Amino acid sequence: MASPALPVVLIAFLVSFFLLKDPVLLCSADPTDGFRHVPLTESNFLLQKPYNLASADRYSYSNGIRRLWVFSTDKPFKSDSSTDPRTEIRIKGYDYSSGVTVFVDGVMKHEAQGRGRSDFFFKFGVYGQIGESNRMESRWRDVKIFKK
């Protein structure tokens, strides 16, 4: 004799399956609801790369894609810096002093509250680290900032 709970379990599975097949049912709200898009121009993008190299040696921008790379043997971005090598872009003009939420492809990836400082800013790129590869690269497109 079949367990009476079996049909309930089967129905729950089918409902879950159909919900997962339609992402609109899982997340119907736009992550940008309540925020306004702020304009970014090339003047907002400040390249930081190894101080002894030309920009083109570690950065390219073509067909809307920003490509940044760094080698483990590269110098830091300033001659007096003790940081690991990096090639990154700092977004100028939209510094902030409170929390931030980061979305990538419409999915929330990071949320942080302010820590009392007043000089936070957005950056993206590639960084040397402990045990890094010889060459590291990242590619970015459609970078946007939204403000409440």
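This is a predicted model: local features need pLDDT of at least 70, side-chain atom pairs count only at pLDDT 80 or more; totals for chains, interfaces and linings use all residues.
Local features require pLDDT of at least 70 and side-chain atom pairs count only at pLDDT 80 or more, whereas totals for chains, interfaces and linings use all residues. Residues are numbered from 1 along each chain as its sequence is written, and side-chain values use heavy atoms, with hydrogens and water left out.

**View 1. Salt bridge between Glu 42 and Arg 66.** A salt bridge is a side-chain nitrogen of Lys or Arg within 4 Å of a carboxyl oxygen of Asp or Glu; eight are counted by this rule. In the pair formed by Glu 42 and Arg 66, the closest N and O atoms are 2.6 Å apart. The two residues are 24 residues apart and link distant parts of the chain: Glu 42 lies in the loop between strand 1 (36-38) and strand 2 (45-48), and Arg 66 in strand 4 (residues 65-71). Strands (E, at least two residues) are DSSP runs, numbered from the N terminus. Buried means under 20% relative accessible area, exposed over 50%, and partly exposed in between (1.4 Å probe, protein chains only). Arg 66 is buried because its relative accessibility is 6%, while Glu 42, at 46%, is partly exposed.

**View 2. Salt bridge between Arg 86 and Glu 88.** The N to O distance for this side-chain pair is 3.2 Å. Both Arg 86 and Glu 88 are buried.

**View 3. Network of salt bridges that includes Arg 135 and Glu 137.** Arg 67 and Arg 139 also belong to this network. Between Arg 135 and Glu 137, the closest N and O atoms are 2.7 Å apart. Arg 135 is partly exposed, with 34% relative accessibility, and Glu 137 is partly exposed at 30%.

Notes:
Helices (H or I, at least four residues) and strands (E, at least two) are DSSP runs, numbered from the N terminus.
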